[in-house]
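Here are a few friendly notes to read alongside the model. I have kept them to packing and contacts.

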Amino acid sequence: MHSEPEDILIETYLDGQLSDEERASFEKEVTENPALQAALNKHLLLRGALWETAQERLSAKFREWDAEEGSEEKVVPFRRYWTLAVAAVVLVLVVIGLNQWLKPAPVLFAYATPSETLRRGPNEVADSLAAVFEAGAERFEAKDYANAQKIYVDILTNASPESEVANRALVMLAACETQEGRVNVGEGILSLSRVPFSSSYGVEAKWNLAMLYGLNGEVEKAKQELEIIAAYPNSGKWKQKAQDLLDQVNQ
Amino acid sequence: MAQFFNFRRNPYEDDDIIQGIRGNMAQQNRAIKTLFKSHKGYIHKGRKKYGLSEEDARFAYDLALGQLMKEILDDRFRRDSLLSTMLMTIFLRRCIDILDKKRTNLDTVPIEAIAPGLPQTSQHFLKDFITRDKLDHVKKLLEKIGEKCKEILVMKWEGYSDIEIAELLGYSGPSVVNSRRYTCRKKLKDLM
């Protein structure tokens, strides 16, 4: 059993076993030598025909498996999902039962949209960032939260980290993260925890942080934040709200 | 439930599939069936991402599975990615091929599938060598060299070992299969 040297060279080339130089020189020769080109073409066609035949057989096998799967699905469509179906029915019954016997629990934690002053209030910052903040507010009010978020991230990148505008952007960023359909409580908590309590909007940020902790099931942390607000003399309208909520949570 | 979490497939499961594909016929069949069934969601992705028909997306999926299987058999599958990632990469390339085929009306075989060891520049160099009419002609010739000859050539491409081919086709041993393969290739090349 002997192969021609040319056949061996072509197969070695097609297997990617030639060095870069050898490959380049082989390809150059192919373009200049019609006989070599024809021989290479034969090898390619042979490989192509074998590949396509093998692939057709494989596809036929796959269609058989598809058919098997199809018939399984037709015969036992319920078996696959029966646990889910039973769980759903039980859940519905439990909810109906509970509604019959219990009054719905009051919603304690609800994320508040940042106040009008925070969203659009007087801008104490340089003109360029004030305009950007305004653009963010417009996007937020148009419920275009994704683009509003981009604007607030921009502000955070460009403003001094301790500045008021950066703190307001953090609160707004958390607000964007928690709007309908975009709930990402973890990210919201991360943003709000960065707002210092001493800043102009620190109390509002802390209130919303407490709400997010509550929504996230971290009630103890929520209580801690509320206690700080309730204990702080300059918490304004938030002081009483925090105390009322604490009373409800502690009941 | 596991099928909903395929993106988290455990590499140990990959090991089982790779071993299966490299195993005997029954093991190979089982392994490829597992792979085929557990990633069928790609067909839907191909339809959604590239606007392919169900038939075209299925075809791309078949091609991708065939190519991945061949890469495993030829020991070219490096373990730097999960099988699912590799399959998805090949599948998306095959979807693009199908779109190209529709756009250019050129229906041929992907060079990447028949000469996978070649660098991309060389694959590009070869891309116009195979035409559909010539390919169909060789496939017809493949039918003319005799059933056993055809089987010897195709089964090798499918990844069967010479021992298995000998058992299935009734030859006395793998060396006979090897020598017959040479004769069959020559027979086919002479007809071309």
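1. A nonpolar core here is a set of buried Ala, Val, Leu, Ile, Met, Phe, Trp, Tyr and Cys residues joined through C-beta atoms within 7 Å. Buried means that 20 or more other C-beta atoms lie within 10 Å of a residue's own, with C-beta atoms placed from the backbone. This is a predicted model: local features need pLDDT of at least 70 and side-chain atom pairs 80 or more, while totals for chains, interfaces and linings use all residues. Residues are numbered from 1 along each chain as its sequence is written, and chains are lettered from A in the order written.

2. The largest nonpolar core has 36 residues, and among those touching the most other members are A:Tyr152, A:Leu170 and A:Leu192. Helix 8 of chain A is the top contributor, with 10 residues (helices are DSSP runs of H or I, at least four residues, numbered from the N terminus).

3. A:Leu170 touches A:Leu156, A:Ser191, A:Leu192, A:Arg194 and A:Val195, leaving aside residues up to four places away in sequence; contact means C-beta atoms, placed from the backbone, within 7 Å. A second, separate core of 29 residues includes A:Leu14 and B:Leu118.

4. Between the chains, 31 residues of chain B are in contact with 25 of chain A. On the chain B side, helix 8 of chain B gives the most, with five residues.

5. Helix 10 (residues 162–169) and helix 11 of chain B pack at about 90 degrees, with axes 8 Å apart; axes are lines fitted to C-alpha atoms over the stretch in contact, and angles run from 0 to 180 degrees between N-to-C directions. B:Ile163 and B:Val177 are among the residues making this contact.

How values were computed:
Buried ≥ 20, exposed ≤ 12 C-beta atoms within 10 Å, placed from the backbone. Helix = DSSP H or I, 4+ residues; strand = E, 2+ residues; numbered from the N terminus. Contact = placed C-beta atoms within 7 Å.
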